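Below is a short briefing on one structure.

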Amino acid sequence: MVPPSLQPAAGPSETPRIAVEARNASKAFGQGDALTRALDDVSVAIRKGEFFTLLGPSGCGKTTLLRLIAGFDTPTGGSILLNGRDITADPPNRRPVNTVFQSYALFPHLTVLQNIRFGLDMLGRKRAEADARAAEMLALVRLEGFASRRTAQLSGGQQQRVALARALAPEPEVLLLDEPLSALDLKLRKEMQRELKRLQRETGITFVFVTHDQEEALTMSDRIGVMQGGRILQIGPPREIYNQPANRFVADFIGETNFLDGEVGAIAGDTATIELAAGSVTVRSAGLDRGQKVTLAIRPEQVRIGEAEGLPAVVTGNVYFGTDTHCHLELSGGAGVVARLQSAADDATPLGEGTAVRVSFTPGSVQVLAD
Amino acid sequence: MPPAGTPATTEATIEAGRIRRNWLLAAPALALLLIGASGPLLIVLVYSFLEPGDYSGVIWKFTPRAWFEIFLKRDIFDGTLGVADAHLTIFWRSVRLSLLTTLITILLGFPTAWFIATRPRSQRALWLFLITIPFWTNLLIRTFAIMEVIRNQGVLNTVLLQAGLIAEPIQILYTDTAVLIGMTYVYLPLMVLPLYAAIDRFDFRLAEAGYDLYASRLQVLRRVILPLVRPGLIAGSILVFVPSLGAYVTPRVLGGGKNMMIGNFIELQFGQGRNWPLGAALSMLLLLIVMAALLVYVRVSGRENPHG
């Protein structure tokens, strides 16, 4: 077997180079009426050395896209490119891409060391070289001394590390991670999130990470692709995804969001007035037309409660979270709004139910979503 | 002695009662085994050390002669001892045909078991059901059916002749090949079922992981799949090899008189041969070979258990 080239192509560093790319990739299962489009004409370019996350609810197509990149499935349309080369027809063993499986998929009949060496052995690396590399990987995932253990004797977190070491050992161009942390408990998951980030920085390998956990995506990624219904809805850095969601689904899926329905009123220069049932809100006018139906998306932490100015509202309840309190409000006109109030040192008693207040929003924080 | 009724003694009493009750429940089966299997076996063992009677039966006089007779023969004319090559030929044929049967059932059974295990769960029951259909018919009748297929005027030769592929019928019946075909047909389900059970437990994501780590399809089969389905492979091999070695009906019907296997040879000693001690000694030897095979199986599968 010809070992796949694992050396990055030498070239001048210019605009971000693309490691792996999907071009109009589609994947459909079944036929006729039973046809389901798991992936529907998806194009995405993942940059070299970046931590890219595919985020979405289960069944959104994120794992399907990952399997197309790994080569386990072939697309029904479009192509997959690696370093600009079309690899759509290559089988998984000819792609310098490795996968960390959700179930880890460690070989139960092999030891930890044999698991890590597997890819190197298959590539025909010399024994001494493979041994050295495997030892290096064991050190990287901090499992020195576990080399001769059986995988069944390891804890979930340790198995996770072996799966990582095994996938990293052959120095893949791209590492694919399919919800690798979902089986771990919260504390271990947080630890592994930092660990993964460290490994990615130290190895410089392009990571494509699949998760349905929005917090995981926000804390770890350089860029996120939000998916739903077999399509990518928005691609951008975490802050952009959170602060400027492209549509209602993204705003709703990532973090908590208040949605208020309204209509574009007067437009004056670069500001526009949005007429809501409870009153009016001023936003930037870019791309808006008078009379257009829109939805305003406001993060709970951007909602301010005061007495002087803003939309009239009544407190309907409080939920205490420790670090902050969620104050539930009802605007006049019936729309509900949640405000996140950070707990202060003196921890003042929250506003009682039925208190009449005024609600306003941090300037520039209101996102206008076209319906 | 501790006072009666302390928790420890009560627990011990209950435990003892439980063990006694389990023994009682198992008693009928154990008795049946003792009377039906161990008893006759003991008789056979004793007979193998007696002298043959003139017209069958035995003479109650101790001699290990039958055991020597398995491997050695005395020349009729000069009385010198020589190797009983006719016996060894029969032994070798039995072992060779049984090993070949095992090998062929693996080669045919593995893809079959793989096919069934990869069907949707709702369809698997149907496929397994189809595999077991041959068991519904008597072995003798199935063997005669095979005979009908392979004999000179049979289905196979007729079709080949009609198609012009051969000029005259191929002689398959009454050859070792015929016995091999018959045994493969009869014992194939015994290979497919344990293999299916092993493949069904196999996590197919492991094959993907191997494939992802630069293993070719053949390497995935050899390095990942085979080691993990080995218990099923060994179980199937034992289930096929052991009855093949002692096969009687199939070599008798398809092998004719001349291609004897151990089973037929033993029968001959108790029938026309009128040498009951030799038949008994041969039976015990067959039993020893089978036990050795089972011992290997227990050792190998026992080693697999901690991580299989």
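pLDDT is the predictor's confidence in each residue, on a scale from 0 to 100. Helices (H or I, at least four residues) and strands (E, at least two) are DSSP runs, numbered from the N terminus. This is a predicted model: local features need pLDDT of at least 70, side-chain atom pairs count only at pLDDT 80 or more, and totals for chains, interfaces and linings use all residues. Residues are numbered from 1 along each chain as its sequence is written, while chains are lettered from A and ligands numbered from 1 in the order in which they are written.

**Confidence**

- Chain A has an average pLDDT of 89, and 95% of its residues score at least 70.
- In chain A, strand β3 (residues 51–55) has the highest confidence, at a mean of 97. Strand β20 (residues 367–370) of chain A has the lowest, at 85.
- Residues 1–13 of chain A stay under 50 in pLDDT. The model gives this stretch 13 contacts beyond four places in sequence. Two residues are in contact if their C-beta atoms, placed from the backbone, lie within 7 Å.

**Strand β3 of chain A**

- Five of the five residues of β3(A) are buried. A residue is buried if 20 or more other C-beta atoms lie within 10 Å of its own, exposed if 12 or fewer, and partly exposed in between; C-beta atoms are placed from the backbone.
- Both faces are covered: one side carries A:Phe51, A:Thr53 and A:Leu55, the other A:Phe52 and A:Leu54.
- Two strands pair if DSSP finds at least two bridges between them.
- β3(A) runs parallel to strand β8 (residues 206–211) of chain A, joined by five bridges. Here A:Phe51 stands opposite A:Phe207.
- β3(A) also pairs in the parallel sense with strand β9 (residues 223–228) of chain A, over four bridges. A:Phe52 has A:Arg223 in β9(A) as its bridge partner.

**Contact between chains A and B**

- 20 residues of chain A are in contact with 15 residues of chain B.
- On the chain A side, β6 (97–100) and α2 (112–122) are the elements that give two or more residues. α2(A) gives the most, with three residues.
- That side divides into 13 nonpolar, six polar and one charged. Ala, Val, Leu, Ile, Met, Phe, Trp, Tyr, Cys and Pro count as nonpolar, Asp, Glu, Lys and Arg as charged, and the others, Gly among them, as polar.

**An antiparallel sheet in chain A**

- Five strands form an open sheet in the order β15-β19-β16-β17-β18 (chain A), with antiparallel pairing.
- Its edge strands are β15 (303–306) and β18 (336–342) of chain A, each pairing on one side only.
- Seven bridges link strand β17 (residues 324–331) of chain A to β18(A) in the antiparallel sense. A:Cys327 stands opposite A:Ala339 in β18(A).
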